[in-house]
Structure formats: structure tokens, C-alpha cells
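Welcome! Please take a look at it first, and then read on.

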Amino acid sequence: MTRSRLARRVPLNLAALAVLVVSVFPVYWMVVTAFTPTADIQSETPTFWPAHPTVEHFVTAVGADGFGMFWRNSVVVTVSAVLLSLVVALLAAFAVARMRWRGRRAFILMVFIAQMAPWEALLISMFVIARDTGMLDRLSMLTLLYFMATLPFTIVTLRGFLAAIPPELEEAAMMDGASRTVAFRRVVLPLLAPGLMSTSLFGFITAWNEFAFANALIIKNQDDRTLPVWLSSFSNIFGTDWGATMAAAGLFMLPVLLIFLVLQRRVTSGMIAGAVKG
């Protein structure tokens, strides 16, 4: 019995290992390229680790024009969009999960449809709206767009988290004299912390990595560009500086990686808790 179970596990483990290698190898190659000297990057015989690692590409990336400014722009836009999305989605998810009102099912259906719609399909219409309202070349427009992009996912996910918290806990607090707001703040919100962290992380990744809208809506005022657009500055008519590009991509990926490592346990528990029918 044990041997047959182990025999069945071997193909699954090999398949999981293959998926892991395919998923991790591009990131590994990016790191290797970032530390490889320029003369060896396009060598006919690639190596899986440079014989003489260098940090010159990181120096080039950090010393590039506007690095600090574009970093600040990305942080401001992403954090603002995620915070706005959390506040609005929390209120909407509470109304959907805890209250019964006419049009509730239709609202949930509209949120699901908005979540499934391809974001890039809205690029032309959003450009026209931004142009006609004078919002081109403004970080506030990007913040609003990222807020709208992350809102449906955040509502759907937080609704699952709230549905997993028994309403009897709030009712018990209200029976003890607490108002609904106090009961929510002192009872529900602490239990909702893993959900808030996991949804904010995924919203952060979505807004942090976005390129198309940032590239299309920031045209004249180049000082308002974000880091994904800045990464394309290492390509010009003379070619692409692959070493600097990979180093900049590594620096760009670092904040999300650090946040995920810090919140890994809460994010994992939050994903499991949110996967309920509500």
C-alpha cells in the first residue's frame, strides 16, 4: 500500500519539479545576467554563473537619470491605489456579505464581470477620457486607473474573508452594548487582517507591474513616469543594455519580494480563509 502510494507520487513530484524549474529559471537567469560582465553576456557559450561577477550593471541602473524620482512615483501611485481600493472594497464587501438588499446579486455579478474584463481593452477609452478631462501626464490619473483595476478583485476576495467570519461574533459584541461600528472595528477587523494583507499584496503587485497605461498616459511630462516605463529606457537605437536592464528589473522586483517574504505566513492563511463560499 505504501509502495503503490509512493509510486503514484513520483510522477506528480517530477511534474511539480518541472513546473518549479520552468517558473524559477527566468528569474535565475535575470540575476545571473545582472552580475555578468557586459563582454560575456552575449557569449556563444553561456555560463550558469559568471566566472567574474560584477556589480557594474547595478551601478549603471541606480545612476540612471530619474531612478529615484521614478521609484518615488511608483511607490506613491501604487500605495495610494491599494489603500483606496482597500477602503472602498471593505465597505462594499461588508454590505454584500452581511446585508440583504435589493440588487445585491446583480451587484455581485457586475463585480465579477468587471474582474473578468481584459484591462487592456480599456486603454483607448481611458486615453480619450484622460485627454478630454485634462488628466493626461498626471499621476492622479494613474492612481485612479489602478484603483479601478484592483477594486473588483479586492471586493470579491474580501467578501470571501468576511463570509468566513461568523456574524454571531458581531452580534455578541452588540448585545454587550457595542455599536455596529465598534463591533466591526474591535471584533471583525482583527480577524480580517490576513485577508487585508493578502488582497493588498496582490493589488500592490498588479499596480506595481503595470506598464501599458503608464506608458500611454504619461506622454509629455516624463518626470511622472513609473518604474516599468523607466525599464524601457535601457533600450535605444543602438541596442539594449541587457546587463543594466536585468539589474534594474531585479531592483524593481525587490520590494514585492521583500513584502511577500515578510507577510508570507499571513498571506497563505489569508488565501485559504478567503476561498469559501459566501
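Rings of Phe, Tyr and Trp, the last by its six-membered ring, pair if their centres lie within 6.5 Å. In this predicted model, the count by that rule comes to 13 aromatic pairs.

**A ring cluster**
- Ring pairs join Phe 67, Trp 71, Phe 204, Trp 208, Trp 230 and Phe 252 into a cluster.

**A pair within one helix**
- Phe 25 and Trp 29 are a stacked pair, at 5.7 Å centre to centre and with 25° between the planes.
- These two sit four residues apart in helix α1 (residues 2-34), so about one helical turn separates Phe 25 from Trp 29.
- Phe 25 is partly exposed, at 37% relative accessibility, and Trp 29 is partly exposed too, at 31%.

**A pair between a loop and a helix**
- Phe 35 and Phe 58 have ring centres 5.0 Å apart and planes at 50°, which means the pair is tilted.
- Because Phe 35 lies in the loop between α1 and α2 (38-41) and Phe 58 in helix α3 (residues 56-62), the pair ties together parts 23 residues apart in sequence.
- Phe 35 counts as partly exposed at 24% relative accessibility, and Phe 58 does so at 21%.

**Two helices in contact**
- The axes of α8 (residues 167-175) and α9 (residues 180-191) come within 9 Å and cross at roughly 140°, which makes α8 oblique to α9.
- The crossing of α8 past α9 is right-handed.
- Leu 169, Glu 170, Ala 173 and Met 174 of α8 meet Arg 180, Ala 183, Val 187, Val 188 and Leu 191 of α9.
- By class, this contact of α8 with α9 has seven nonpolar, no polar and two charged residues.

How values were computed
Residues are numbered from 1 along each chain as its sequence is written. This is a predicted model: local features need pLDDT of at least 70, side-chain atom pairs count only at pLDDT 80 or more; totals for chains, interfaces and linings use all residues. Side-chain values use heavy atoms; hydrogens and water are left out. Axes are lines fitted to C-alpha atoms, for helices over the stretch in contact, and angles run from 0 to 180 degrees between N-to-C directions. Angles under 35 degrees count as roughly parallel, over 145 as roughly antiparallel, 65 to 115 as roughly perpendicular and the rest as oblique. A crossing is left-handed if the near helix is turned anticlockwise from the far one by less than a right angle, and right-handed if clockwise. Contact means heavy atoms within 4.5 Å. Ala, Val, Leu, Ile, Met, Phe, Trp, Tyr, Cys and Pro count as nonpolar, Asp, Glu, Lys and Arg as charged, and the others, Gly among them, as polar. Rings of Phe, Tyr and Trp (its six-membered ring) pair if their centres lie within 6.5 Å; planes under 30 degrees apart count as stacked, over 60 as edge-to-face and the rest as tilted. Buried means under 20% relative accessible area, exposed over 50%, partly exposed in between (1.4 Å probe, protein chains only).
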